[in-house]
2 protein chains.
Amino acid sequence: MPRLVMKFGGTSVADLARIRVAAEKVKREVDRGYDVAVVVSAMAGKTNELIGWVRDTAHLYDAREYDTVVASGEQVTSGLMALALQEMGAAARSWQGWQIPIRTTGAHGAARILEIDTTEMGKRFEQGLHAVVSGFQGIGPDGRIATLGRGGSDTSAVALAAALGAERCDIYTDVDGVYTTDPRIERRARKLDKIAYEEMLELASLGAKVLQTRSVELAMRHRVRLQVLSSFEDLPGTLVCGEEEIVEKNIVNGVAYQRDEAKITLVKVPDRPGVAAAIFGPLAEAGVNVDMIVQNIGADGMTDMTFSCATDEVARARAALEAAHESLRYADMVVDDEVAKISVVGIGMRSHSGVALQMFSALAAEGINIKVITTSEIKVSVLIDRKYMELAVQALHKAFGLEAA
Amino acid sequence: MPRLVMKFGGTSVADLARIRVAAEKVKREVDRGYDVAVVVSAMAGKTNELIGWVRDTAHLYDAREYDTVVASGEQVTSGLMALALQEMGAAARSWQGWQIPIRTTGAHGAARILEIDTTEMGKRFEQGLHAVVSGFQGIGPDGRIATLGRGGSDTSAVALAAALGAERCDIYTDVDGVYTTDPRIERRARKLDKIAYEEMLELASLGAKVLQTRSVELAMRHRVRLQVLSSFEDLPGTLVCGEEEIVEKNIVNGVAYQRDEAKITLVKVPDRPGVAAAIFGPLAEAGVNVDMIVQNIGADGMTDMTFSCATDEVARARAALEAAHESLRYADMVVDDEVAKISVVGIGMRSHSGVALQMFSALAAEGINIKVITTSEIKVSVLIDRKYMELAVQALHKAFGLEAA
């Protein structure tokens, strides 16, 4: 029988009533003839409570004990979900990470999945027994519970779907799909039926917080078809899949933004081989996540180096660069922490030129000045004054014809 | 190094502050040179909350999922206790039942321990790593978590102490020891320094709810020295041990009572072989726990059969006996549900006659009528009118010289 993985996040299993609603959705797929593996998170708020207890108990806590305590949250929901399914007449049993087993690395608290042995689970499927799996956890090489880090339940679900050869991995969450942009900024934002993995990755890392980036990467690598849909409404969601499944490729599929960006420019840095490494080395050591990088080389042997980072990393970035002033010998450091990043994303760009031009024109028509530009194969990003952010998103959404019909 | 098992119940680990207090007690024993295995219950109230969720989710619940959900409570405290110990500088790690492993029968929800393999734990002790063990649970033959039933943490602790060859098993609880009687009834009740296993068993089943009966039986069988002491005060507790350790054996060591007893008499039952089985068979089927049984045989081929049970089982007992009236052909059924049971217990009785007489005299002196008498090697029990219960306890406590000095 075809297999299906269904994942429910914390708000979808927040209490017994919601667990029942989720179980009904599972039952429907069971009745459609799927062997279902349900992956569950802890009840909303539970993980934070458990983490709080760990932190209040020990200042420098042992990550193995952290994992033992925190993984209990999913254990509870897995048992309750199995019971709810049984109550509806669907034979099911719970599986903890160590029972399957889901083998992970030994990096407790931030482990990575190494291997999922689905032999036993497959046998149970043949006996008509559906599976409820505690997300977010596995067993480390030391025989102890290892958690995958926050948001790891999405990754559990995708990895399990790959291991089971599932037809699809449905991620139930509190949004009902992936939109062309944030509906809070542009009310005509439209839900996408399908989106390619690459597009989803660009949108996820740009702030459309629907799916954990790692889980999308994993899905892309193993070609797992991911569906994002709502736990609370009965609506079709958005399918994240390979390009080959998307017949009509839009040139632009989404407009993303990142509000709290800062732009830092080192003015007149004497240019020499290795200067970029000399700048970004100290920033990396200081834990600054550099996003966009632009370099302009002048005729005078001097270069201006501009990069962006999150506003709350500016202080660290500034300190690191001031400490490196003697070796870098830049003339000035200019910080603008009142910018936002806007990106247009679409796999159709690969075969269509002129997207950047169309973007710049749309912004110019609104009188919005562009401060930095970077491009990739399927994305064009710009930095603009933060006060124009909403206006820019709306203008681009319209310019690329993304509105709901 | 000598080994010690220390068990903390739910009220002793009810919150982070109490876990710290408990950890301090453990640290003290570590500093005295013991290899310590701490057995913990779930935080007070947590197990009931989890059971409530299971019952609200499924009417006839799967005991395996019940176990999965409920065992999470101890998992949390085991991790937190290990962290608290580490924070105090005592190297420790948590162990779940499946990690040790503690192998149990497959009777989920009421499993019995079959075997505890302490090989791994012993190796860790040699590395200076103390153990924190989730009580109340093990792993069944099906590879799934199995709980031992309510109060099972005491049993876990005793079984572990036996397997580890521990010098002692300390049970920390919310009372500070075993008393000669209930201090709420007799304020001069005295804490016993030592009590024999057999005495403790009689007192436990009679309502001195300090230790789970099963754990005392297990301790007796494996000769594990048990100490009951308070989590909240620094006082010596009561040692439950073999008779050979008790030098000065009191004739009577305790006065126990059971308030809500009922006495049921079947009058003029035609006596014939098998009549007792004909009466108590239907009662057992109805789930009535019969306690005392007294039979008087008359000269007329008729017998009066009297027994006692808890008052809340009277309705069931009455219905069962009425249904069996045709075969039993008793003349009348007399129910007195206003009685209480009083017992005096002491291993010294074996070598001293006259205890029963002394008991009857003391009660007679207070004008208390005795309705039923039963005796065992180390116990004499009577049923009396409930309204005299407190008076009887006080009179017997005095008559046998049990008062605090």
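## Domains of chain A

In this predicted model, chain A is divided into domain 1 (3–174) and domain 2 (255–399), the bounds coming from an automatic or database domain assignment. The centres of domain 1 and domain 2 of chain A, taken over C-alpha atoms, are separated by 40 Å.

Local features are described where pLDDT is at least 70 and side-chain atom pairs count only at pLDDT 80 or more, whereas totals for chains, interfaces and linings use all residues. Residues are numbered from 1 along each chain as its sequence is written, and chains are lettered from A and ligands numbered from 1 in the order in which they are written.

## The sheet of chain A

Chain A holds an open sheet of eight strands with mixed pairing, in the order S3-S6-S2-S1-S9-S11-S12-S10; its edge strands are S3 (92–95) and S10 (194–196), each of which pairs on one side only. Strands here are DSSP runs of E with at least two residues, helices are runs of H or I with at least four, both numbered from the N terminus, and two strands pair if DSSP finds at least two bridges between them. Neighbouring strands of this sheet are turned by 20° against each other on average, direction ignored, with axes being lines fitted to C-alpha atoms (for helices over the stretch in contact) and angles running from 0 to 180 degrees between N-to-C directions.

## A buried alanine in chain A

A:Ala159 lies in helix H6 (residues 152–164) of chain A and counts as buried, with 29 C-beta neighbours inside 10 Å. The cut-offs are 20 or more other C-beta atoms within 10 Å for a buried residue, 12 or fewer for an exposed one, and partly exposed in between, with C-beta atoms placed from the backbone. Leaving aside neighbours within four places in sequence, A:Ala159 is in contact with A:Ile113, A:Ile116 and A:Leu218, where contact means that the C-beta atoms, placed from the backbone, lie within 7 Å.

## Strands of chain B

In chain B, strand S9 (residues 168–173) and strand S11 (residues 226–230) run parallel and are joined by five bridges, with B:Tyr172 standing opposite B:Leu229 in S11(B). S11(B) also pairs in the antiparallel sense with strand S12 (residues 238–241) of chain B over three bridges, and here B:Gln227 stands opposite B:Leu239 in S12(B).

B:Leu114, in strand S5 (residues 113–116) of chain B, is partly exposed, with 14 other C-beta atoms within 10 Å. Apart from its neighbours within four places in sequence, B:Leu114 is in contact with B:Arg103, B:Thr104 and B:Thr105.

## How the two chains meet

Chain B superposes on chain A through a rotation of 179° with 0.0 Å of shift along its axis (RMSD 0.2 Å), and the two copies are thus related as by a two-fold rotation axis. The superposition is by least squares on the C-alpha atoms of residues with pLDDT of at least 70 in both copies. Of the residues of chain B, B:Ser72 comes closest to the rotation axis, at 2.8 Å (C-alpha).

Across the interface, 27 residues of chain B are in contact with 27 residues of chain A. On the side of chain B that touches chain A, helices H1 (16–31), H2 (46–57), H3 (63–70) and H4 (72–87) of chain B each supply at least two residues, and H4(B) gives the most, with eleven. Because 100% of the interface residues of chain B are also interface residues in chain A, the copies meet through the same surface.

Methods. Two residues are in contact if their C-beta atoms, placed from the backbone, lie within 7 Å.
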